[in-house]
Amino acid sequence: MQTRDLSEHAVYRAGEGSEEVARELGLDPDDLVKLSSNENPLGPSPAAMTAIREAASEVHVYPKSAHTDLVAAIADQWELTPSQVWLANGGDGALDYLSRALLDPGAAVLVPEPGFAYYGMSARYHHGRVRSYSLRAEEGFTQSADAVLDVYDGERIVYLTSPHNPTGTVVDLADVERIAEETNEDTLVVVDEAYGEFAETPSAVRLVEGREGWDAREDVAVLRTFSKAYGLAGLRLGYAVVPEPWAGAYARVNTPFAASTVACRAGLAALDDREHVERTVESAVWAREYLESELDTKTHESEGNFVLAKVSDATAVAEAAQRRGVIVRDCTSFGLPECVRVSCGTREETERAVSVLNEVLAG
Ligand SMILES: *Cc1c(COP(=O)(O)O)cnc(C)c1O
C-alpha cells in the first residue's frame, strides 16, 4: 500500500540538538552555544518547574481542569471570553486548528516568503494550497499592506508574522487593518505573534476586540506561544485568539485534550511569573543590540529574540561556526542563502557567538 500523494509536502527537519552536534564534534554539550532555535537562554520560569514537579502526581487523569484553568487565565490576561482562546499543542497546533476550521479542500493560504514553514505545511496537511508574497531584502524586509494586497487573490487565510521570523520586522496594526479591510469578508488574517513579548508594537488582539480606538473585526486572529519568551518550548503549548462570533468552532476541530496536564500547569505558573518574562525580554533586548552593533557584517534591526545577519555563504559560515562550538541557523531553507539567524543568548553566550562569527567572517 501507499500513503496519499505527499510529494508536495516538505519534509520537516528539526535542527540538530546540542547533544547530537556535540557527539559529532567530539565536544561536551555544555561547551556548545546553541543559538539556532530562538529558545529562552534563561531557561523555564522557576515557578513553572515547580508546577511541573507537582503535576507529576496528577498525570493519570485527563487534563480537564488543568486545561480549563489555563484557558481561564489566558482569557483573563487578554480580557477575552474563554471560548476565544484556542489552546493547542504549541503555536503550531493552533495553526492546525485554524486550518481545520477554515480550509475546505483546495482552499488557498497566502504566506510570507521568506517565512515560517509551518503555515504552508499545515495548509497542505489539510488539503489546502499555498501561495506566497515576498518580503524583499532590498527593502529591509519591511512588511507593508501593499506587499500582501498586490498578490492577494481571494485566499482563505493570509498569514502575517509580527515580529517576523527570521527577519525581525513587525507589521503596523494600521497595515493589518487595511489588509483585513481590503480582502474578502471570508478571508482570515492571522497575525502570528510568537515573538510578541519582545516587541514594542501592541498586539493585534486590539483589532480582534475593538480596543484603543480600533474597530472590532471578525476576520483577524492572533497566534501566541509559550515556546519563546516563556521558555516552555519543550512542553508544546500555544494558542490562537479568535473573534467571538465563530470561536465555538474549537469544539468541532480540536484534538481532545489539546495540551497535557503538565503543559497546562506549567503554563499557568509561567503566566503568573511576570518577573521571568521581564528578565527574558530585557536580556533579549541587550543581546540583539549587542549583535547588531558588534557583528562585523550587515544585520537587520530586530524586534524578536534573534538577529538576521548577512554573510556571503550561510551554509559555510554556519558550519565553520559550529566547528568552533557555536550553532546558528543557516537561513538557506528560508530562501536566504546569504543569511544566518543568531538567537539572543545570555551575555556570555552572545559574546562568544559574536567573537566566533567575527573570526569566521574574517577568515
Ligand atoms: C516558534 C514559532 C511559532 C510557534 O512555535 P511553537 O513552538 O509551535 O509554539 C510560531 N510562529 C513562528 C514564526 C515561530 O517562530
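In this predicted model, helix H3 and helix H10 touch along a set of side-by-side residues listed here by helix. H3 contributes Ser 65, Ala 66, His 67, Asp 69, Leu 70, Ala 73, Ile 74 and Gln 77. H10 answers with Thr 261, Cys 264, Arg 265, Gly 267, Leu 268 and Leu 271. By class, these residues divide into 7 nonpolar, 5 polar and 2 charged. H3 spans residues 64–78, and H10 spans residues 261–272. Their axes come within 8 Å and cross at roughly 30 degrees. Angles under 35 degrees count as roughly parallel, so H3 is roughly parallel to H10. The crossing of H3 past H10 is left-handed.

H10 also packs against helix H2. H2 covers residues 46–55. Here the axes lie 8 Å apart, and the angle is about 150 degrees. An angle over 145 degrees counts as roughly antiparallel, and H2 and H10 are therefore roughly antiparallel to each other. The crossing of this pair is right-handed. From H2, the residues in contact are Ala 47, Ala 48, Ala 51, Ile 52 and Ala 55. From H10, they are Val 262, Arg 265, Ala 266, Ala 269 and Ala 270. This contact holds 9 nonpolar residues, no polar residues and 1 charged residue.

The crossing of H12 and H13 is right-handed. Val 317, Ala 320 and Ala 321 represent H12 in the contact. Val 356, Leu 357, Val 360 and Leu 361 represent H13. The contact has 7 nonpolar residues, with no polar and no charged ones.

Attention now turns to the ligand. There are 13 residues around the ligand. Gly 91, Asp 192, Tyr 195, Thr 225 and Lys 228 come nearest.

A cis peptide bond joins Ser 162 and Pro 163, with omega about -5 degrees. Another cis peptide bond joins Asn 165 and Pro 166, with omega about 15 degrees. Pro 163 sits in the loop between strand S5 (157–161) and helix H7 (173–182). Pro 166 is also placed in the loop between S5 and H7. Asn 38 shows a positive phi, near 55 degrees, in a residue other than glycine. Asn 38 belongs to the loop between strand S1 (33–35) and helix H2.

Methods:
Residues are numbered from 1 along each chain as its sequence is written. This is a predicted model: local features need pLDDT of at least 70, side-chain atom pairs count only at pLDDT 80 or more; totals for chains, interfaces and linings use all residues. Side-chain values use heavy atoms; hydrogens and water are left out. Axes are lines fitted to C-alpha atoms, for helices over the stretch in contact, and angles run from 0 to 180 degrees between N-to-C directions. Helices (H or I, at least four residues) and strands (E, at least two) are DSSP runs, numbered from the N terminus. Angles under 35 degrees count as roughly parallel, over 145 as roughly antiparallel, 65 to 115 as roughly perpendicular and the rest as oblique. A crossing is left-handed if the near helix is turned anticlockwise from the far one by less than a right angle, and right-handed if clockwise. Contact means heavy atoms within 4.5 Å. Ala, Val, Leu, Ile, Met, Phe, Trp, Tyr, Cys and Pro count as nonpolar, Asp, Glu, Lys and Arg as charged, and the others, Gly among them, as polar. A residue is near a molecule or strand if one of its heavy atoms lies within 4 Å of it.
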